Number of protein chains: 2
Amino acid sequence: MSNLQLTNSLTRKKEIFKPIDPKKISLYACGPTVYDSPHVGNARSLVVFDVLYRVLKVLYGSNVTYVRNITDVDDKIIEASKKKEIGIDEITNKVTKIFQENCKSLNCLKPSVEPKATDHIKGMVEMTSSLISKGFAYEIKGHVYFDVSAFKDYGRLSNKNLDELKAGTRIEISDLKKNPMDFVLWKPSNNDDPGWESPWGRGRPGWHLECSVMSEKYLGKNFDIHGGGLDLIFPHHENEIAQSCCNNNTKNFANYWVHNGFVTINREKMSKSLGNIITISDAVKKYSGQVVRLALLSAHYSQPLDWNDNLLNNQESTLDKWYAQYSDQNKKVSKIDKILLDDLNTPGYIAKIHELYNAASKGDEEKKIQFNQACKLIGLFDLSRAEWESSKKKKINISESYIMNKLEERTKAKKNGDFTLADKIREELFSKGIMIEDQKGKTIWKVK
Amino acid sequence: MSNLQLTNSLTRKKEIFKPIDPKKISLYACGPTVYDSPHVGNARSLVVFDVLYRVLKVLYGSNVTYVRNITDVDDKIIEASKKKEIGIDEITNKVTKIFQENCKSLNCLKPSVEPKATDHIKGMVEMTSSLISKGFAYEIKGHVYFDVSAFKDYGRLSNKNLDELKAGTRIEISDLKKNPMDFVLWKPSNNDDPGWESPWGRGRPGWHLECSVMSEKYLGKNFDIHGGGLDLIFPHHENEIAQSCCNNNTKNFANYWVHNGFVTINREKMSKSLGNIITISDAVKKYSGQVVRLALLSAHYSQPLDWNDNLLNNQESTLDKWYAQYSDQNKKVSKIDKILLDDLNTPGYIAKIHELYNAASKGDEEKKIQFNQACKLIGLFDLSRAEWESSKKKKINISESYIMNKLEERTKAKKNGDFTLADKIREELFSKGIMIEDQKGKTIWKVK
């Protein structure tokens, strides 16, 4: 079989993937911060690294460990908790559940390990202590900062020096830092905030620390591939490298860094202020997870991807055609086409699947098997043909936030005794495919 | 042969291309405003519609008329002329020449007609008069405006109504307009500005008018395909439709509107303020036109494309490999793979070429012919193998503006009698692959 090649952000080149130990492949990808429903930008990362995981499993058998963390302690979560007046645990549990359902809808395989940050606080305290004792970090008034000037390779992944990094980024300003680029390893928690005892008082870890601690725990000090979205290169991944290489006195942390490109929505940046964020839950309600998955793979992972109805409708037509050649009697994939091994060229591989489909639909049984295998390799055809058909019928064209707003309006109407309006809203939602039910003072909704 | 499908911006759907008359195919694409060197964003449009033109020629024989205009009268040109203190003609001639050299470097076929706006002023005056007489335009103080409220389909291409369009755009404010969205058909020229006599005094046409006039002249009132960059949908293409449909009393102008996506540079928008504009001249100096062309085709035309060294280096390696199977003894392409006909899926087609290359390099002579034909179809392999090799050697890693700045510095140094500095600059450029020569008071440069 051909060699897998990947674009390594460390060298900014496409390289042949050479594992540290072919019998023990290690892959780490940054998972979600569970403070709000994940969006289609997050979905791209999930699907891209899921395909990489599937490819590695075919190439190297069952000896692939895929770690994807869950960040369940973070300032964004604390903020969301205060704003929504909901407990931290309630938020993180709810969003984690949504995230896991999203992964399932997108037909992403479960990672080998899915560690939570809050289960690894001890390790983070230990790494912080160790970095202080080795002279790479300093404590001041309950805060511990990593001293970037102590790590000469800082900026290697971003290919920038300290001054360039400083110019290009928003830095958290603090009088306590020696250097404005120093970053938090540990910080004190207010009484109400989640916190853990530490040598520096009650506090909580900085965001970057967990990935260094958990990747080492599950994959070792030096592992094969680290993945994530492009937006994480700086500062997150740069800081992971700093923490781990300094603490372990190693030159390399992950050997290959793979980053997926951004998702824009109708050619605009996705942002709260533009109000154009599309959650995975909304996307898979409108188009089914299979369609969303194929759309996310339609561009090369290193390139930007624009999300628009035309793109999604095209994927739906494609899958509709392809499901006509669906077969559930297939051998496992044992050989991967060169095209996909060439830097996970999914648009090229999808073109190849179109070719196989054409041959299959002319009655070529051998090609039909190859066609089904190819679809399965990239995580398609997890539905039976009947399930696919019914998934299309379930399609609704309204967003979750629209439904939530309507439900709120209805609750208000009922409170004001305006039951005519309340009923009108119920009917309106029903006509759009949404059934609602009042249960113990709460209103739940589902797709008809 | 399969049908060609294209994503039609008018319907926001992928549609089977049905020509008005299969014996007379018509394609119009917006060309450059010749006020400054074209950049890689412009190059994408050039290459995408060149591939479409090549595909149409194979499908429909020689009966394809491809019109691409040159805008040589425009406020941007007048501004540039004033700023640089160079005559209008000097600027437009110089930039037109650069543009045509760029097209050649990118191996774009010459369009059937390449009309200049200034050669069609008479037609523009006539269309303006006609629009006034039909009640779609009004004259005020030497200005003629198109009255958007008179065209009920205004906004059809952008899929927005007047209010939405108003909210989303920068409108040229004028007390003379009835409606802020009304746009210029004709405006008065100051004495120094280029101008032509008209029923409304000496003046010049608005930008949108020329495309309506020239497409009608060369392709007819209703033609097959109109192409351009996404940024032209509004207002330019919307206004072309308004002018032509109102003047001709027709429902349709172009039947298919095809738009190519944006190019970002290292994930940032290309802009003067960021100083990250890459001209085609610079790009083809650094990487050769073949490499630039392949890079521009590496993403689907409807998707965004990020320009970065990794992308370009990968294309260069690919071409280096492919040129090893180059053959100049090929029949003409007579059959186009389904993949490319499916909405000009160039990333999929490039994957197919990789497959053909693999078979060819194992000695399959039939596949080698197909491989060479496929490369030629998308405008590769215009160099011989020897020319390819020497094009790589010519590669320099500095930009044209860098060279120009150095030459200016050197001229100054010589003026000041500092010949040591002048020589130092000459040597510096030489070490970077640039030879300079002083000729009759001017300095010319070339790649070693």
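A: Contact here means C-beta atoms, placed from the backbone, within 7 Å. This is a predicted model, in which local features need pLDDT of at least 70, side-chain atom pairs count only at pLDDT 80 or more, and totals for chains, interfaces and linings use all residues. Residues are numbered from 1 along each chain as its sequence is written, with chains lettered from A and ligands numbered from 1 in the order in which they are written.

Q: What makes helix 8 of chain A roughly perpendicular to helix 9 of chain A?
A: The axes of helix 8 (residues 280-287) and helix 9 (residues 289-296) of chain A come within 7 Å and cross at roughly 110 degrees. Angles of 65 to 115 degrees count as roughly perpendicular, so helix 8 of chain A is roughly perpendicular to helix 9 of chain A.

Q: Which residues meet between helix 8 and helix 9 of chain A?
A: A:Ala283, A:Val284 and A:Tyr287 of helix 8 meet A:Gly289, A:Val291 and A:Val292 of helix 9. The residues of this contact divide into five nonpolar, one polar and no charged, with Gly counted as polar and Ala, Val and Tyr among the nonpolar types.

Q: Why are the two copies said to be related as by a two-fold rotation axis?
A: Chain B can be laid on chain A by a turn of 180 degrees and a shift of 0.1 Å along the axis, with an RMSD of 0.2 Å. The copies are thus related as by a two-fold rotation axis.

Methods: Least-squares fit on C-alpha atoms with pLDDT ≥ 70 in both. Axes fitted to C-alpha atoms, helices over the stretch in contact; angles between N-to-C directions. Helix = DSSP H or I, 4+ residues; strand = E, 2+ residues; numbered from the N terminus. Parallel < 35°, antiparallel > 145°, perpendicular 65-115°, else oblique. Contact = placed C-beta atoms within 7 Å.
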